[in-house]
Amino acid sequence: MSMLRYRPVVAALVLLAAVVLPAPPATAAGASYVALGDSYSSGTGTRAYLADGTSCQRSAYAYPSLIASAKGYALNLRACSGATTADVVATQLEALTPTTSYVSLSVGGNDASFVAVLTECAKPAWMSDCNAAIDRAQAVISAQLPGTLASLYAQIRTRAPLASVTVAGYPRIFNGEDCNAGTWFSPGEEARLNATADLLNRTAAAAAATAGFTFRTPTTAFAGHAVCDDVEWLNGLSRPVADSYHPNRAGHASGYVPLIGASLTGSRVSVTQETLRSAEDAAPALAEQQAEHAAQDARITPKEFALPDLKSPAAWKAALRAGVDLADPASIDRADRAAETRQRSTQ
């Protein structure tokens with residue numbers, strides 16, 4: 001056969017193969033990944049947020065973005081700062097479809113008003129009732145959250161029947177000390193706040209198990225990286241204040257990504273420089289995608305930590321009752337310690 005005759009035959013065979021041969025199996029590159037939930041999934045605390053026209057504080061450095069970039073998944077980052085379980089149902093579940101492959105979720109802290117509890121407990125003991133705030137939060141977690149989560153998880157499974165679903169828990173924020181000027185968390189208060197996070201995790205884990213979902217608690221992963229530890233994966237009192245008491249970039253990359261990534265995908269996930277570049281490059285498209293939902297997201301009320309205000313009328317009244325000289329830091333701290341002692345004695 002001459003070369004002139006051979007070339008058309010080869011071309012015909014190549015064309016036939018392209019038409020007849022089955023396509024290679026789909027890879028993870030096209031897999032659909034939907035990230036639901038609150039600020040611990042949106043990326044609050046990373047200090048760099050998508051320009052999506054919302055107050056959701058979604059970040060390219062949040063663990064869902066990093067996992068998607070590492071694995072090549074198509075991410076829909078619906079998680080939004082301030083979201084409760086009701087908000088997830090109302091504004092986020094429509095992102096799920098029968099073709100959704102992966103779902104991650106963190107939610108429940110806002111149902112228990114945990115940010116408001118932190119705000120109360122950060123005040124000096126003579127002007128706050130931290131224990132009562134914690135008691136109310138724990139009552140909500142124990143009495144209301146099991147049913148609420150069960151309903152939410154059932155709806156997720158109905159909408160995404162074939163998806164791998166992993167529920168992310170909350171870390172213990174404190175290590176027993178308060179190194180931040182401007183807050184007055186006592187060791188006892190920090191212990192109770194950590195115990196509340198543990199209660200929230202146990203409650204979510206039980207509901208996840210019933211739904212057939214995987215639950216991952218970050219307690220061990222974040223050990224030694226709490227607020228005031230030498231290497232913090234959680235912000236203490238921050239600027240902007242809204243970033244306070246949330247995982248920072250290291251918390252997402254080194255804490256949540258290995259924990260949630262392996263559970264969600266079935267293989268080890270780590271964050272490399274290439275992963276970070278990919279996540280950063282994808283940020284504009286991700287922002288444009290989420291901007292389409294800005295009107296819906298506006299229904300979610302941000303939950304932001306508030307710095308104790310010792311110049312407020314309430315502070316002046318409390319100081320007068322406690323005999324505190326607000327111009328004297330030593331007087332403020334002495335009264336704080338005395339009030340803590342009295343509160344412990346009545347528990």
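1. In the lining of the second largest cavity, α8 gives the most, with three residues. Helices are DSSP runs of H or I with at least four residues, strands are DSSP runs of E with at least two, and both are numbered from the N terminus. The lining itself consists of S106, V107, A168, G169, Y170, L200, N201, A204 and F215. By class, six of the lining residues are nonpolar, three are polar and none is charged. Here Ala, Val, Leu, Ile, Met, Phe, Trp, Tyr, Cys and Pro count as nonpolar, Asp, Glu, Lys and Arg as charged, and the others, Gly among them, as polar. The space in this second largest cavity is about 30 Å³.

2. The model is predicted: local features need pLDDT of at least 70 and side-chain atom pairs count only at pLDDT 80 or more, while totals for chains, interfaces and linings use all residues. Residues are numbered from 1 along each chain as its sequence is written, and side-chain values use heavy atoms, with hydrogens and water left out.

3. Two cavities of 30 Å³ or more are found in a search of the whole structure. A cavity is a set of points, on a 1 Å grid over the protein atoms alone, where a 1.4 Å probe fits but cannot get out; lining residues have an atom within 4 Å of a point. Grid points are joined across faces, edges and corners, and a volume is the space filled by probe spheres set on the points.

4. The largest cavity holds about 300 Å³ of space. Its lining comprises 30 residues, of which Y40, F114, V115, Y170 and H246 are the closest to the centre. Two or more residues of this lining come from each of α2 (39-42), α5 (114-121) and α8 (187-211), and α8 gives the most, with five. The lining divides into 16 nonpolar, eleven polar and three charged residues.

5. Five strands form an open sheet in the order β2-β1-β3-β4-β5, with parallel pairing; two strands pair if DSSP finds at least two bridges between them. Because β2 (74-77) and β5 (214-216) stand at the edges with a single partner strand each, one side of each is left without a neighbour in the sheet. From one strand to the next, the twist averages 20°.

6. Strand β1 (residues 32-37) is joined to β2 by four bridges, and the two run parallel. Within this pairing, S32 stands opposite A74 in β2. Helix α7 (residues 145-159) packs on the sheet and touches β1, β3 (102-106) and β4 (164-168), its direction making about 165° with that of β3. Contact means heavy atoms within 4.5 Å; axes are lines fitted to C-alpha atoms, for helices over the stretch in contact, and angles run from 0 to 180 degrees between N-to-C directions.

7. Eleven aromatic pairs are found in the whole structure. One of them, F174 with F185, is tilted, at 4.8 Å centre to centre and 45° between the planes. Rings of Phe, Tyr and Trp (its six-membered ring) pair if their centres lie within 6.5 Å; planes under 30 degrees apart count as stacked, over 60 as edge-to-face and the rest as tilted.

8. The peptide bond from R239 to P240 is cis, with omega near 0°, and P240 lies in the loop between β5 and α9 (249-265). C228, in the loop between β5 and α9, has phi near 80°, a positive value in a residue other than glycine.

Technical notes
On a 1 Å grid over the protein atoms alone, a cavity is a set of points where a 1.4 Å probe fits but cannot get out, and a pocket is an open set with protein on both sides within 12 Å along at least five of seven lines; lining residues have an atom within 4 Å of a point.
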